[in-house]
Amino acid sequence: MSEPLVIVGNGMAAMKLVEELVRRALGRYAIAVVGDEPRLPYNRVLLSSVLAREVSHGDIELKPAGWWRERGVTLLYGHRAATIDPAIRRVRLAGGATLPYGRLVLATGSQPIRLSVPGMDLPGVMTFRDLSDVAAIEKAAANKARAVVIGGGLLGLEAAYGLAKAGAQVSVVHLMDRLMERQLDARAAAMLKQAVEARGIAVYLRAETVAVRGRARAEAVALADGRALDADLVVVAAGIRPNTDLARTADLGLGRGIVVDDQLRTSRPGIYAIGECAEHRGVCYGLVEPAYEQARVLAAHLAGDKAEYAGSVLATNLKVSGVDVFSAGDFMGAPGTEQIVFSDAGLRTYKKLVVANGRLAGAVLFGDTADGLWYLDLIRSGAPIDALREHLVFGRALAERHGNAKRAA
Ligand SMILES: Cc1cc2nc3c(=O)[nH]c(=O)nc-3n(C[C@H](O)[C@H](O)[C@H](O)COP(=O)(O)OP(=O)(O)OC[C@H]3O[C@@H](n4cnc5c(N)ncnc54)[C@H](O)[C@@H]3O)c2cc1C
């Protein structure tokens with residue numbers, strides 16, 4: 001008989017795990033997926049494109065209902081898992097039903113952080129995490145609304161762009177002195193600010209939100225320097241926090257997220273965690289590629305193969321049409337590294353490659369990001385770049401042609 005495997009969370013990590021498991025170990029487990037969102041799993045990364053009306057709600061579904069059925073997977077969406085009893089290996093759902101498990105995987109993702117300032121509970125203050133958020137933002141953004149986005153990271157900028165495209169008057173307030181400071185150096189961030197402003201979005205840097213003001217609903221965002229920005233809606237995009245409530249009911253080891261080892265095992269036998277809810281070697285990732293890498297390793301482990309997750313090299317792509325930004329690895333350049341920089345203000349192009357010990361360690365690209373994935377491959381593989389270095393900054397075609405010629409000579 002197949003061993004019961006319960007996956008909690010019907011997001012992107014869960015989807016990838018099921019896909020890999022049915023490929024590697026079809027029939028070995030009786031798989032049930034429990035998710036609290038009232039719909040089939042969808043591509044969360046594309047929510048920004050839904051908001052910007054570049055794709056429709058239906059376009060982002062990951063697999064149709066039939067796909068799950070045909071593979072014998074029980075998909076329980078619209079159900080919240082409330083508690084875990086590890087002693088008898090059961091998950092209890094919010095409605096009271098229980099599910100027995102032999103193995104349990106937590107893939108509960110994260111939730112947006114709400115700032116601890118007055119006014120966060122006012123109607124009109126929203127977050128940007130799921131399809132119901134997008135529906136609420138779309139509704140509030142109609143009629144030339146004044147929108148203030150708190151947070152100038154990837155999510156905040158994508159929300160701002162979507163809102164501006166929907167016809168809202170948008171301002172972004174950001175605590176730091178540059179946009180996307182976790183992905184971009186000062187020069188790329190300055191170019192990004194210009195490009196964002198050119199799309200009619202006002203950007204306020206070093207702007208600390210101290211309150212959202214309003215009587216019955218949000219009316220303004222108050223900043224620490226005394227300024228107040230009028231707002232009909234406020235979108236808070238100020239970071240995420242791993243969902244660990246369920247893990248707490250099983251007394252699992254927690255840091256910021258659910259602590260896992262290189263096989264994605266938690267502190268309790270038979271319970272695993274992957275995706276944004278997991279903390280591996282002290283790191284909680286907030287991007288989809290690490291979640292996929294973890295899902296692949298866990299599927300191999302559950303299929304009885306040897307596999308190890310050693311951490312991920314991060315890469316970011318901003319999804320704002322016409323603003324091409326890419327960054328990966330150690331893009332700032334730790335002490336002792338070298339930098340190769342190409343910049344053309346006229347073409348609005350900037351490239352910085354960071355080299356450490358004859359290998360590519362990081363890259364920031366603004367304007368021309370066509371070679372981003374090639375640079376990412378070089379960073380991940382750690383391959384020596386000596387033969388490519390002279391033309392590396394000009395991209396793959398040129399660098400490889402000259403590299404091959406050099407090797408042949
Ligand atoms: C607007 C937006 C744009 C993004 N853009 C990018 C991008 O360009 N590149 C990138 O790499 N990443 C991007 N991300 C991040 C990416 O979407 C996440 O890294 C990815 O979705 C993480 O997958 P996950 O399965 O861990 O979590 P999720 O996809 O969040 O799935 C977790 C699911 O579990 C459910 N759940 C939680 N607790 C319970 C419970 N107790 N019972 C039942 N269900 C539960 C949640 O409701 C959710 O549906 C973006 C995110 C957003 C919101």
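Hi everyone, and a quick word on ground rules. Residues are numbered from 1 along each chain as its sequence is written, and side-chain values use heavy atoms, with hydrogens and water left out. As the model is predicted, local features need pLDDT of at least 70 and side-chain atom pairs count only at pLDDT 80 or more, while totals for chains, interfaces and linings use all residues.

Let's start with charges. Side chains of opposite charge can pair when their charged atoms come close. By a salt bridge I mean a side-chain nitrogen of Lys or Arg within 4 Å of a carboxyl oxygen of Asp or Glu. How many salt bridges does a search of the whole structure find? The search gives 25.

Here is one of them: E19 and K63, with their closest N and O atoms 3.0 Å apart. This pair links distant parts of the chain, 44 residues apart: E19 sits in helix α1 (residues 12-25), and K63 in the loop between α2 (47-51) and α3 (65-70). When I say helix or strand, I mean DSSP runs numbered from the N terminus: H or I for helices, at least four residues, and E for strands, at least two. E19 is partly exposed, with a relative accessible area of 24%. For that scale, buried is under 20% relative accessible area, exposed is over 50%, and partly exposed is in between, using a 1.4 Å probe and protein chains only.

Next come K319 and E158, whose side chains meet in a salt bridge of 3.0 Å, N to O. Again distant parts of the chain are linked, 161 residues apart: K319 is in the loop between β21 (315-317) and β22 (325-329), and E158 is in helix α5 (residues 154-165). Are these two buried or exposed? K319 counts as partly exposed at 26%, whereas E158 is buried at 1%.

For a local pair, look at R248 and D245, joined by a salt bridge at 3.5 Å, N to O. Both lie in helix α7 (residues 245-249), three residues apart, which is about one turn of the helix. D245 is exposed, with a relative accessible area of 52%. Salt bridges that share partners also join K16, E19 and K63 into one network.

Now for a charged residue without a partner. E279, in strand β20 (residues 278-280), is buried yet has no salt bridge. Which side chain of opposite charge is nearest to E279? That is R256, 6.7 Å away, where Lys and Arg count as positive, Asp and Glu as negative, and His and the chain ends are not counted.

On to strand β16 (residues 233-236). In a regular strand the side chains alternate between the two faces of the sheet. Both faces of β16 are covered: L233 and V235 on one side, and V234 and V236 on the other, are all buried. Strands pair if DSSP finds at least two bridges between them. β16 runs parallel to β9 (residues 125-126), with two bridges, and V125 stands opposite V234. β16 also runs parallel to β10 (residues 146-150), with four bridges, and there A147 stands opposite L233.

Finally, the ligand. Of the 33 residues around the ligand, D36, E37, R129, E276 and K319 come nearest; being around it takes a heavy atom within 4 Å. A polar side-chain atom of R129 lies 2.6 Å from a ligand oxygen atom.

Methods. Polar contact = N/O pair within 3.5 Å; in protein donor to acceptor, adjacent residues only side chain to side chain.
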